[in-house]
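User: I am new to this structure and would like to learn how to read it. Can we go through it one feature at a time?

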Amino acid sequence: MTERLKEIYGSVPVIGWLIGMLVAVVTESAFGAGLAYALYLPKVPALLGLTVVLKQPSMFPAAILYVFLIYALPIFFAAGLTAPWANRMAAAMEALPLWLSAILHLGVLYLVLHLWTDMSDYRLQISKLTMIAVMLTLSINVINGYMGEFSCSHPGFMALGAYASSTFSLVLFRQDRLFGAPILPEFLGPYMFPLGLLLGGVAASLGALVVAIPSFRTRGDYLAIISLAFMFIVKSVFENLEVLGGPRGMGGQPHWATLPAVFIGMAVCIVVINNFVNSTMGKALNAVRDNETAAEAMTVNTRRTKMTAFMFGAFWAGVAGGLYAHELRYVNPSSFGIQSLAEILAMVYFGGLNSVVGSVVGALSIQMLSEALRPLELFKWIIIPLLLILVMIFRPTGLIAFRELNVKRTLGPRVRKSGG
Amino acid sequence: MEFVLQNFINAMQWGSFYALIALGYSMVYSILMLFNFTHGDIFMTGAYIGFGAATVLLFLTASVGISVPGWLLLILTILISMMLTSLLGIIVERVGYRPLRDAPRASAAITGLMIGIILETGNLAVLGARRFSFPSLIETVTYNIGGVYFTNKKILIVGVSLFLMLLLHAFIRKSRWGMAMRAMSYDYQVVPLMGVSLNMIAPMTFAIGSALAAAAGILYGMAYPVLDPYMGVLLGWKSFVAAILGGRGSILGAALAGFLLGFIEIFTAMIFPSTLRDLIAYTIILLILTFRPYGFFGQPYTTQLRL
């Protein structure tokens with residue numbers, strides 16, 4: 001029996017699973033509410049029923065049944081049933097250029113996400129924050145994982161990006177208590193939003209120079225301190241800049257961080273970072289991490305490499321910060337402190353260093369866990385750290401560390417025709 | 001002039017907290033080449049244990065009906081808290097650091113951070129969100145010498161800190177255990193072959209560091225009597241900065257840099273608006289580390305790092 005299952009599900013390609021998920025979310029939007037009513041669930045479970053179970057343990061069987069009927073059954077049914085067909089589709093897409101095939105996959109994924117988040121605003125916000133967290137985790141992985149420095153400055157980069165892009169949209173497009181009347185008509189705003197994010201990224205990468213230049217002469221713990229000092233400095237600068245709201249922060253950003261915007265941001269971030277770490281420069285990063293002197297001897301320009309990595313990582317942190325600011329529509333300096341540093345570090349070390357998949361998994365699992373365990377209130381902050389300690393003890397570099405993401409092979413069909 | 005002297009005393013007091021906590025970071029680093037990121041929260045726990053011990057002692061003496069002088073109670077409180085907190089330090093070493101001794105250094109930093117979060121949350125879960133105020137064990141007496149005001153508590157805080165630092169110095173320089181620690185910090189891979197067990201020395205280092213942090217916690221509670229589960233976070237990170245500034249693994253450097261950080265913070269707040277304190281203090285630190293990348297007494301990296 002298990003052999004047979006293995007045979008079926010081992011041959012399902014990525015597109016097959018995506019189709020399964022699509023079927024599941026369509027099922028949910030069609031029957032979810034009715035089923036929840038029939039099972040006496042208070043409402044459609046938002047996060048796979050975990051929250052409901054923790055709030056009211058008596059709902060456990062109902063929630064399990066719901067998850068089984070709505071998610072597990074359709075996904076496995078559809079994925080298993082369509083496997084041969086999906087494999088043919090995957091093979092057909094393999095013949096297309098890689099970027100086209102990737103866009104097709106991402107399109108289906110977006111459709112799934114769109115339908116899933118359409119059910120509740122809570123899901124929508126969680127999904128967006130999770131995608132922003134994925135960007136942050138990936139960008140810190142460039143510095144902490146691929147280059148192997150213990151950098152603590154990420155909240156600072158994020159703050160720079162958040163403030164820069166918020167200023168951009170508030171000055172240009174919004175009537176605001178800080179900056180007064182808008183300069184440009186507001187309908188242009190959403191089209192200019194990428195420019196604002198870009199500006200945030202550039203601001204963050206300029207800030208990264210402050211950390212990158214001392215890194216020429218020093219490594220390890222001293223660099224950790226320099227980056228930590230940088231974080232404190234950025235926070236303190238924004239607390240003292242009355243122009244940007246000072247300690248009270250900055251509010252009223254236009255609501256431009258919509259699901260497609262955040263999704264595109266994340267997709268571009270994953271693609272660019274994956275290409276970066278697989279490029280010559282990415283390999284040079286690994287060389288610098290493993291042995292700087294040897295890397296230098298092998299013609300790696302260590303200074304340029306370090307500077308690029310810092311600025312590149314900071315750029316994406318800045319973009320993520322910009323999205324974050326436009327999602328919450330409020331930023332203040334204290335949201336970019338030690339607390340946020342601990343969260344980012346937890347995500348990257350949980351997921352795994354030196355691995356794009358690891359970062360995605362880490363951000364996803366820590367975010368989802370911290371949402372799902374919300375009903376436990378305080379104990380959430382005992383369970384998540386304990387989990388992380390266990391991961392560190394048994395897999396010191398994280399769950400999925402040091403693994404390259406080969407997009408072509410991942411998306412390809414699982415069963416090849418004989419001789420093909 | 002009086003103003004400067006006044007701030008000098010404040011800076012000495014503020015710096016002694018940093019110095020005492022930084023010593024713990026530095027000692028652990030000199031042995032294991034790892035940073036004990038739980039240390040700020042060990043400081044917090046030490047303060048809470050001290051609070052508990054002081055409350056119990058006050059209750060006992062009151063119920064028995066004998067009057068015990070305040071200074072004796074204070075000494076007892078400090079000793080009890082130091083002992084119990086050093087036990088906590090040993091547990092942290094056993095749970096969070098021993099399994100990760102050969103792992104990448106960042107992983108141990110993460111476990112340390114996470115144990116810290118567990119301590120904070122555990123405290124919040126057990127004691128609730130109430131703010132406790134540290135009982136005043138000794139009367140505050142204010143002296144005035146030539147326009148400079150200072151209290152006996154400030155003198156006591158600086159005095160006890162300096163005394164503990166000297167004690168630590170004597171222990172490391174004169175005792176056999178101290179010699180073992182120095183040897184271990186010289187080479188923690190070879191020295192175990194000479195019959196000194198790393199599994200003895202590492203917990204001892206954690207215990208001593210935690211005891212110092214506990215003393216700092218009680219002294220802090222005397223100066224600023226409101227206890228808060230997150231009081232160790234910022235103080236811990238800043239002391240970590242001091243420990244690095246002093247030079248990694250340098251005990252003397254950590255103490256000096258702790259006081260220096262105290263002075264920088266107090267005097268920038270004296271000259272500039274106090275909101276600029278962090279900005280200026282950390283800019284100075286950034287500049288110091290840019291031009292002196294290995295701290296005051298640190299050695300450049302000569303060996304291959306374990307990451």
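User: In the hairpin of E2(B) and E3(B), which residue takes a positive phi?

Analyst: This is a predicted model. The residue is Gly146(B), with a positive phi near 60 degrees. The hairpin has 2 residues between its strands.

User: How do E2(B) and E3(B) run, and how many bridges join them?

Analyst: Strand E2, residues 142-145 of chain B, and strand E3, residues 148-151 of chain B, run antiparallel and are joined by 4 bridges. Across the pair, Asn144(B) stands opposite Tyr149(B) in E3(B). As a general idea, side chains in a regular strand alternate between the two faces of the sheet.

User: Now the chains. How many residues of chain A are in contact with chain B?

Analyst: Contact here takes C-beta atoms within 7 Å. On that basis 37 residues of chain A are in contact with 39 residues of chain B.

User: Which elements give two or more residues to the side of chain A that touches chain B?

Analyst: They are helices H10 (220-240), H15 (338-351) and H17 (380-394) of chain A. H10(A) gives the most, with 14 residues. By residue kind, this side of chain A divides into 26 nonpolar, 7 polar and 4 charged.

User: Which domains does the assignment give for chain A?

Analyst: The assignment gives domain 1 (2-97) and domain 2 (121-409). Their C-alpha centres lie 31 Å apart. Between them, 6 residues of domain 1 of chain A are in contact with 9 residues of domain 2 of chain A. The domain 1 side of that contact has 4 nonpolar, 1 polar and 1 charged residues.

Conventions
Residues numbered from 1 in each chain as written. Chains lettered and ligands numbered in written order. Predicted model: local features only at pLDDT ≥ 70, side-chain atom pairs only at ≥ 80, totals over all residues. Domains from an automatic or database assignment. Contact = placed C-beta atoms within 7 Å. Nonpolar A, V, L, I, M, F, W, Y, C, P; charged D, E, K, R; others polar. Pairing = 2+ DSSP bridges.
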